[in-house]
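Biologist: New structure for me. Walk me through it, starting with what you mean by a contact.

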Amino acid sequence: MIYVAPTHYLTMTSLKDRHGELTSFYLDHPIETLATYFVAYILVTALSIPGATVMTLAAGAMFGFTKAFLVVSFASTIGATAAFALSRYFFRDWVRSRLGDRLKTLDEGIKRDGAFYLFGLRLAPVVPFFLINIGMGLTGISAREFYLVSQIGMLLGTAVYVHAGTELGKITAVSDVMTPRILVAFSLLAVFPLVAKKVLSYLKLKRLEARFKKPKSFDYNLVVIGAGAGGLVSAYIAAAVKAKVALIEKHRMGGDCLNTGCVPSKALIRTAKAVATELRAKELGLESVEVKFDFAKVMERVQRVVKAIEPHDSVERYTAMGVECISGHALIKSPFEVEVAGRILTTKNIVIATGGSPLVPKIPGLEGIDFLTSDTIWSLRVRPERLLILGGGPIGCELAQAFQRLGSKVTLVEMADRILGREDSEVSREVATRLESEGVRILTKHRAVAFNTDGATKSLRCQHIGSEIEIEIAFDQVLLALGRKANIEGFGVSELGLQVTERGRLASDECLRTNYRNIFVCGDVTGDYQFTHVAAHEAWYAAVNALFRPFKKFAADYRVIPMVTFTDPEVARVGLNEVEANAKGVSYEVSIYGIDDLDRAIADGEAHGFIKVLTVPGKDKILGISIVGAHAGELLAEFVLALKYGLGLNKILSTVHAYPTLVEANKYVAGVWRKAHAPQGILRLLEHYHAWNRRG
């Protein structure tokens with residue numbers, strides 16, 4: 001048998017010296033030689049041992065072109081797939097635990113275009129194949145796809161090297177095989193798959209747009225549909241760069257945030273907090289305080305707050321900026337035409353920012369109930385004595401606490417085993433404890449079965465998940481707080497053929513472009529983060545990418561997204577929490593500081609909650625922060641800045657924070673981390689030094 005393991009045999013010199021011996025052995029033992037070579041090639045490739053190129057030349061020299069080509073093509077692909085599998089098994093989890101979200105963009109690209117990238121790399125011999133094998137093992141590409149693409153992609157290179165091996169006498173070094181001209185040719189071939197994909201995508205777009213007549217000129221550079229946070233910012237940016245822009249809104253300027261979401265809910269929460277503070281009079285050293293309020297006047301105040309903020313989002317303000325504001329229902333007739341109020345607007349680009357609306361589930365009997373949502377609850381002027389809330393997310397928890405504080409008897413029903421299910425368990429527990437202490441009845445692991453009405457009496461039949469025990473909950477009003485769905489109907493989505501995701505949102509690429517190159521999206525109609533500040537963030541990308549294509553484009557950046565739930569205590573978060581880190585396999589350390597130890601919190605009577613920071617093991621690099629406590633949303637800002645610009649806990653610890661303030665808690669949690677990572681060896685030496693120094 002032929003012994004090939006030592007790498008000094010896998011050189012051009014050794015191959016030329018032993019050419020005759022190897023060929024003679026093959027002629028005497030053809031089957032054994034082919035089998036041994038096949039296994040040896042797989043092992044060399046699988047273990048990434050240098051020498052596969054020389055072995056390919058040897059195959060051509062010994063077996064002739066056809067046999068060598070067949071043996072090498074299959075052995076190399078099997079070996080490469082084995083190396084791919086070894087990399088995935090031994091290194092993938094380790095790499096992901098350290099890189100975390102930084103691999104997300106790569107994974108998405110591989111998932112979308114992995115076959116094209118791999119095929120191109122296989123055609124480029126300038127890239128070492130063992131690096132490709134190992135690198136691809138770290139991604140999400142399937143082994144089957146890796147094998148098939150590698151099998152096809154390496155055929156041409158294999159043929160070149162095998163053919164060179166058949167003419168071994170003309171070769172003095174491996175570099176003789178790949179001349180500059182051949183390398184250039186291979187490099188051009190390598191980019192061909194990606195170029196072909198781009199061309200096919202372009203032709204697909206042209207075919208998609210061919211159904212519509214493109215105007216010779218356009219009335220507008222940009223037409224924005226929807227005047228919520230995303231639409232307003234898109235229009236503002238367009239006007240700021242002197243583009244001609246039209247903003248269409250069929251209801252009220254400001255969208256959900258101003259009229260039915262952030263603004264009215266925070267106004268109500270503020271009043272409810274004032275009531276709760278007065279009820280804590282004795283705790284704060286006051287003898288007694290009598291609290292009287294009129295619920296109708298409370299709700300009128302909410303509307304006054306909305307009216308006070310309205311000018312920020314008004315037609316007058318945006319008109320003064322240069323935006324043409326149009327009231328009416330928009331209908332996209334083509335990628336270049338939008339119909340509204342009897343007019344056809346021709347436009348170079350469109351931004352869809354139609355937002356979302358409350359999700360209404362199909363529960364038997366619900367159709368006979370005059371239910372409330374986060375859109376309609378603001379019309380209440382009579383306080384519900386018994387308020388039932390379905391959904392234990394941020395909206396459900398915020399309004400449950402507010403109405404309980406304003407005198408309603410609130411029952412909160414949630415299917416999951418805890419409220420605020422996206423937060424860490426101790427965060428949920430802290431909020432649940434406060435809600436229950438204030439009188440909110442929380443029923444987790446309960447599923448709504450059916451609504452019943454008997455005259456003026458209304459009730460919900462619920463089933464406990466697991467035990468299947470059913471209970472009946474009587475109520476006067478029911479609020480549905482089960483999430484939101486994207487508004488994608490009624491303005492031409494299906495007629496135009498805009499792609500929709502499995503979650504019922506408009507699909508877009510990383511630049512927020514739909515399957516039409518001039519139609520962009522932002523906000524709740526497309527995104528996973530249904531927050532006003534994220535809609536505004538996405539709006540910048542949508543508007544800039546629309547107005548400055550094809551010269552420049554930007555991929556939307558979601559690495560640092562702050563989130564706040566405005567319960568009391570507030571819940572604020574940015575980056576990873578433990579739930580997400582564990583789901584993604586990211587390794588982390590935890591540092592926790594209890595705000596009950598903070599001087600200002602004690603003075604304010606707000607000594608509760610905590611700050612929890614996740615860091616890279618052994619380093620002060622921040623992965624994520626969760627805060628529970630008074631003004632948590634404001635405390636979060638320093639950490640948002642730190643995450644955005646890569647500042648570690650040592651930087652926060654070395655920053656002077658005013659005393660006594662709540663924000664000192666940020667410094668103290670950094671101190672918790674520092675104490676846990678104090679250099680014990682150096683401290684012991686210092687102890688000995690100071691003991692010696694005291695001797696005089």
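Predicted model: local features only at pLDDT ≥ 70, side-chain atom pairs only at ≥ 80, totals over all residues.

Modeller: Contact means heavy atoms within 4.5 Å. Residues are numbered from 1 along each chain as its sequence is written, and side-chain values use heavy atoms, with hydrogens and water left out.

Biologist: Then which residues of α5 and α8 meet?

Modeller: From α5 there are Ala80, Ala83, Phe84, Ser87 and Arg88, and from α8 they meet Asn133, Ile134, Met136 and Gly137. Sorted by class, the α5 contact with α8 has five nonpolar residues, three polar and one charged. Nonpolar covers Ala, Val, Leu, Ile, Met, Phe, Trp, Tyr, Cys and Pro, charged covers Asp, Glu, Lys and Arg, and polar the others, Gly among them.

Biologist: Where do names like that come from, and how many helices and strands does the protein have?

Modeller: The protein comes to 26 helices and 22 strands. Helices (H or I, at least four residues) and strands (E, at least two) are DSSP runs numbered from the N terminus.

Biologist: At what angle do the axes of α5 and α8 cross?

Modeller: Helix α5 covers residues 65-90 and helix α8 covers 129-137; their axes cross at roughly 45 degrees and come within 7 Å. That makes α5 oblique to α8. Angles under 35 degrees count as roughly parallel, over 145 as roughly antiparallel, 65 to 115 as roughly perpendicular and the rest as oblique. Axes are lines fitted to C-alpha atoms, for helices over the stretch in contact, with angles from 0 to 180 degrees between N-to-C directions.

Biologist: Asn133 was on that list. Is Asn133 buried, or what is its relative area? Put simply, which residues is Asn133 in contact with?

Modeller: Asn133, in helix α8, is buried, at a relative accessible area of 2%. Buried means under 20%, exposed over 50%, and partly exposed in between, with a 1.4 Å probe and protein chains only. Apart from neighbours within four places in sequence, Asn133 is in contact with Thr45, Ala80, Ala83, Phe84, Ser87, Arg122 and Phe146.

Biologist: What about α3 and α5? How do their axes cross?

Modeller: The α3 and α5 axes cross at roughly 35 degrees and come within 7 Å. On the α3 side the contact includes Leu34, Tyr37, Phe38 and Thr45, and on the α5 side it includes Val71, Phe74, Ala80 and Leu86. The residues of the α3 contact with α5 divide into 15 nonpolar, three polar and no charged.

Biologist: And at what angle do α3 and α4 pack?

Modeller: About 165 degrees, for α3 (residues 30-46) and α4 (residues 52-63), with the axes 10 Å apart. That makes α3 roughly antiparallel to α4. Thr33, Leu34, Tyr37, Ala40, Tyr41 and Val44 of α3 make the contact with Ala52, Met55, Thr56, Ala59, Met62 and Phe63 of α4. By class, the α3 contact with α4 has ten nonpolar, two polar and no charged residues.

Biologist: Change of topic: sheets. What is the order of the open sheet of five strands?

Modeller: β18-β19-β22-β21-β20, with antiparallel pairing. Two strands pair if DSSP finds at least two bridges between them. β18 (563-565) and β20 (589-594) stand at the edges with a single partner strand each, so one side of each has no neighbour in the sheet. From one strand to the next the twist averages 10 degrees.

Biologist: How many bridges join β18 to β19?

Modeller: Three, and β18 runs antiparallel to β19 (residues 570-575). Val564 stands opposite Ala572 in β19. Helix α25 (residues 664-676) packs on the sheet and touches β20 and β21 (610-615), its direction making about 135 degrees with that of β20.

Biologist: Now Gly230. Which residues does Gly230 touch?

Modeller: Not counting residues up to four places away in sequence, Gly230 touches Ala353, Cys522, Ala535 and Ala539. Gly230 lies in helix α12 (residues 229-240) and is buried, at a relative accessible area of 5%. Gly230 and Cys522 are 292 residues apart in sequence, yet 6.0 Å apart C-alpha to C-alpha.

Biologist: Where is Arg418?

Modeller: In the loop between β10 (409-414) and α18 (425-437).

Biologist: How much of the protein is buried?

Modeller: Of its 696 residues, 46% count as buried.
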